[in-house]
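Here is a short briefing on pockets, salt bridges and strand pairing. Have the model open as you read, and follow each topic in turn.

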Amino acid sequence: MEFFCYHRDRPGSLPLREKLGEEHWSYMDRYAEELIARGPTFADDGETPSGSVHIVDLPDPAAARAFAFDEPNYQAGAYRDVLLRRWRNMLGRTMWDFPGGRTGGDRYLVLGLAPERSAELAVPPDRDELIAFGPLLSDDGATWLGTAALLRAPDPETARDVLSPGRYADIEVHDWEFGGRR
């Protein structure tokens, strides 16, 4: 089962995150084979971390909750909240398989939350810039609750357009970059 996990930073937590950097990396190293994508998001200044994205393939919801809530930064109080949802990898690849590589161009996390109506989610026709794409689902995987995409785009407005604007109650766009030691 695939899961989308987004830890959002608590304001002022950067010193704590820096202190726990190696603990975070070591924790994530334990999941290296299960990770589909990972990396930090950034505040509007493009430099201050604002969160941490992990898309991971785990056996069940209990394992996903343990992954999210046993993470050292979470345990130490660096994060203000966690978005944890079932997810489906509609591209069938990891971020390391993205043809555009790890660098070059601006990268974004786009979250479409609370779809206004239920419908079949389709991968956008121009998928060359998509790094990861899939629905956010209920714990049982039966109800579509939103969409998460990681992509390369020239600007936040173009990134936002990967999701149909009238289809979601809210769309968030966050600066994001590839993470991990791979």
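The second largest pocket has a volume of about 170 Å³. This is a predicted model, in which local features need pLDDT of at least 70 and side-chain atom pairs count only at pLDDT 80 or more, while totals for chains, interfaces and linings use all residues. Residues are numbered from 1 along each chain as its sequence is written, and side-chain values use heavy atoms, with hydrogens and water left out.

**Pockets**

- A pocket, on a 1 Å grid over the protein atoms alone, is an open set of points where a 1.4 Å probe fits, with protein on both sides within 12 Å along at least five of seven lines; lining residues have an atom within 4 Å of a point.
- Grid points are joined across faces, edges and corners, and a volume is the space filled by probe spheres set on the points.
- Around the second largest pocket you will find Phe42, Ala43, Asp44, Ser50, Tyr108, Pro156, Val173, His174 and Asp175.
- Strand 8 (residues 168–176) gives the largest share of that lining, three residues; strands (E, at least two residues) and helices (H or I, at least four) are DSSP runs, numbered from the N terminus.
- The lining of the second largest pocket has five nonpolar, two polar and two charged residues, where Ala, Val, Leu, Ile, Met, Phe, Trp, Tyr, Cys and Pro count as nonpolar, Asp, Glu, Lys and Arg as charged, and the others, Gly among them, as polar.
- The largest pocket has a volume of about 310 Å³ and is lined by 18 residues, with Arg17, Gly21, His24, Trp25 and Pro40 nearest its centre.
- Two or more residues of the largest pocket's lining come from each of helix 1 (14–19), helix 2 (21–29), strand 2 (35–42) and strand 3 (49–57).
- By class, the lining of the largest pocket holds six nonpolar, eight polar and four charged residues.

**Salt bridges**

- The whole structure has five salt bridges, each a side-chain nitrogen of Lys or Arg within 4 Å of a carboxyl oxygen of Asp or Glu.
- Arg8 and Asp81 form one of them (3.5 Å, N to O); Arg8 is in strand 1 (residues 2–9) and Asp81 in strand 4 (residues 79–87), so this pair ties together parts 73 residues apart in sequence.
- Arg8 also meets Glu172 in a salt bridge (3.1 Å, N to O), and because Glu172 belongs to strand 8 and Arg8 to strand 1, the link spans 164 residues in sequence.
- Arg80 pairs with Asp81, their closest N and O atoms being 2.9 Å apart.
- Shared partners join Arg8, Arg80, Asp81 and Glu172 into one network of salt bridges.
- Within this group, Arg8 is buried at 12% relative accessibility and Glu172 is buried at 16%, whereas Asp81 is partly exposed at 27% and Arg80 is exposed at 53%; buried means under 20% relative accessible area, exposed over 50%, and partly exposed in between (1.4 Å probe, protein chains only).

**Strand pairing**

- Strand 1 and strand 4 run antiparallel and are joined by eight bridges; two strands pair if DSSP finds at least two bridges between them.
- Cys5 stands opposite Leu84 of strand 4.
- Strand 4 also pairs with strand 6 (residues 130–137), in the antiparallel sense over two bridges, and there Trp87 has Leu136 of strand 6 as its bridge partner.
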